[in-house]
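Me: Please examine the structure below with regard to the packing of its helices and the arrangement of its strands.

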Amino acid sequence: MNEQQRKEQAQIKQAASLDRKSDQDKPLSEKTTEDFAHYFQTTYEPPDIRKARKRGRDKVEVHYDFTIPEKVQQIGKGKKFLIRTYGCQMNEHDTEVMAGILTEMGYETTTETEEADVILLNTCAIRENAENKVFGEIGHLKPLKLEKPDLIIGVCGCMSQQESVVNKILQKHQQVDLIFGTHNIHRLPNLIEEAMFSKAQVVEVWSKEGDIIENLPKVRHGKIKAWVNIMYGCDKFCTYCIVPMTRGKERSRRPEDIIQEVRHLAAQGYQEVTLLGQNVNAYGKDFEDIDYQFGDLLDDVRKIDIPRVRFTTSHPRDFDDHLIEVLAKGGNLLDHIHLPVQSGSSHILRKMNRKYTRESYLELVDKIKAAIPNVTLTTDIIVGFPNETEEQFEETMTLMEEVGFESAYTFIYSPREGTPAAAQKDEIPEEVKKERLHRLNALVNKQSRESMKSYEGKVVKVLVEGESKKDDTVLAGYTEKNKVVNFKGPKSIIGTIVDVKVTEAKTWSLDGELMKTTVEVNE
Ligand code: 5AD
Ligand code: SF4
């Protein structure tokens with residue numbers, strides 16, 4: 001998928017304090033990494049792939065006792081917060097948790113930057129351009145901080161797990177009051193309090209790879225679809241990827257907690273859940289007391305009375321036969337699988353440490369297609385991995401066709417400090433990489449257009465999510481295969497699943513007509 005497709009999919013509505021650093025011993029601009037080392041002594045270790053790979057199977061503790069300390073329960077009364085989210089669904093969901101915590105502290109939400117008393121940037125570190133956007137935003141907020149000294153600006157999410165980023169913020173962006181990591185979200189009440197009263201920038205980034213904190217409050221985005229975390233972290237160590245360093249080791253939530261959450265969402269009327277994890281197929285592999293894996297979890301979630309269940313993201317390596325068997329049972333388990341391949345070249349896949357080959361990926365695809373004949377497959381692809389040759393890139397193009405992906409998120413490789421691939425000398429010029437991306441996107445667009453075309457004249461089931469952002473007389477929703485459909489209909493059907501006949505296919509969306517019968521049933 002490219003920028004254009006992402007935009008299309010987003011069409012549904014639904015410095016006095018700068019002074020307070022002046023009493024520190026020397027100007028921040030003159031400080032060095034050593035000066036900041038004390039922030040990290042007890043709490044933080046920079047990403048280190050060798051250490052991370054050896055990370056132990058320390059027992060993951062699950063905590064059920066989260067509470068907001070009494071003294072901060074009303075600290076946000078009469079005040080507003082705004083959280084800007086970058087990156088993946090995991091971050092979107094973390095934002096829902098932070099919004100939940102801030103709401104329980106008395107804060108109200110706002111979408112107006114100027115109105116906010118707390119602004120949190122929930123950041124993404126996956127590619128350099130994601131980081132650049134955040135630094136741009138931090139810069140934009142500086143005049144506001146000068147105008148409103150009591151404003152609290154916080155940076156959290158994956159970027160704050162990187163020492164180099166934390167140092168850069170501490171040295172160059174004194175308007176930032178608070179930096180906290182992905183394992184520290186439950187500490188938000190204390191951190192906000194500290195940021196309010198502290199004279200220095202507050203930094204809390206734990207290298208402790210995270211226990212699991214249950215019962216955190218959440219303010220979910222909407223009442224129709226919900227994210228449900230099933231596991232955290234990643235132990236796959238793809239050589240290009242920063243996630244195992246920013247999100248910690250793989251650890252799974254207990255099945256009973258997940259099932260209870262999904263049941264609760266179903267009871268509240270939610271129509272769809274997406275089970276979330278960096279690599280959902282590794283679910284349960286860390287349990288020592290029970291033999292219960294992702295297939296088992298889906299088999300249990302399948303029995304819950306919620307119309308749609310999705311999951312993301314899968315790793316081909318852990319996609320086992322039992323899982324395929326369970327998915328083939330269908331029902332609320334939708335027949336759309338996002339299965340990132342990253343490259344079509346076995347040589348590049350080995351260098352990426354993906355632990356499968358082109359051939360074994362294709363075998364897996366065949367197995368999935370045999371078990372689930374109507375399946376739709378989408379993927380993620382990286383072009384321009386260090387020293388990728390033209391032939392190797394061509395193998396990605398042919399794989400794209402051979403599998404028949406209906407869409408793909410495509411990226412130019414971006415070196416990430418601390419990952420093994422970033423240390424490699426790369427002979428391929430950026431221009432060549434851009435040209436390859438361009439060629440790949442043309443193919444992705446072609447395949448998407450063709451697959452969209454195949455829906456013309458067919459009746460699809462659409463979960464109606466709201467009005468189209470472009471035209472409020474038009475409703476919009478998603479098919480089971482996650483295609484956007486725009487059609488006219490009464491607002492009363494928002495939040496329900498209706499039959500829509502597809503009249504015209506666009507590259508990234510479908511136009512349709514509501515089938516009369518469904519309205520009668522639903523009205
Ligand atoms: N450069 C480019 N793309 C990356 N991804 C992960 N790390 C990088 C990187 N360093 C892509 C992968 C992954 C998706 C979420 O982001 O394709 O599946
Ligand atoms: Fe990154 Fe995904 Fe590989 Fe984990 S499996 S290292 S999150 S690309």
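Me: At what angle do helix α6 and helix α7 pack, and are they roughly parallel or roughly antiparallel?
Reply: This is a predicted model, in which local features need pLDDT of at least 70, side-chain atom pairs count only at pLDDT 80 or more, and totals for chains, interfaces and linings use all residues. Residues are numbered from 1 along each chain as its sequence is written. The axes of α6 (residues 128-147) and α7 (residues 163-172), lines fitted to C-alpha atoms over the stretch in contact, lie 12 Å apart at an angle of about 20°. Since angles under 35 degrees count as roughly parallel, the two helices are therefore roughly parallel.

Me: Which residues of α7 make the contact with α6?
Reply: Contact means heavy atoms within 4.5 Å. On α6 the contact is made by Glu131, Phe135 and Ile138, and on α7 by Val165, Lys168 and Ile169.

Me: What is the order of the strands in the open sheet of three strands?
Reply: Strands here are DSSP runs of E of at least two residues, and helices are runs of H or I of at least four, numbered from the N terminus. Two strands pair if DSSP finds at least two bridges between them; β14 and β15 (residues 376-383) have three, in the parallel sense. β14 (336-338) and β16 (407-412) each have a single partner strand, so they stand at the edges. The order is β14-β15-β16.

Me: Which residue of β15 stands opposite His338?
Reply: β14 and β15 pair in the parallel sense. Opposite His338 stands, in β15, Thr378.

Methods
Chains lettered and ligands numbered in written order. Heavy atoms only, no water. Axes fitted to C-alpha atoms, helices over the stretch in contact; angles between N-to-C directions. Parallel < 35°, antiparallel > 145°, perpendicular 65-115°, else oblique.
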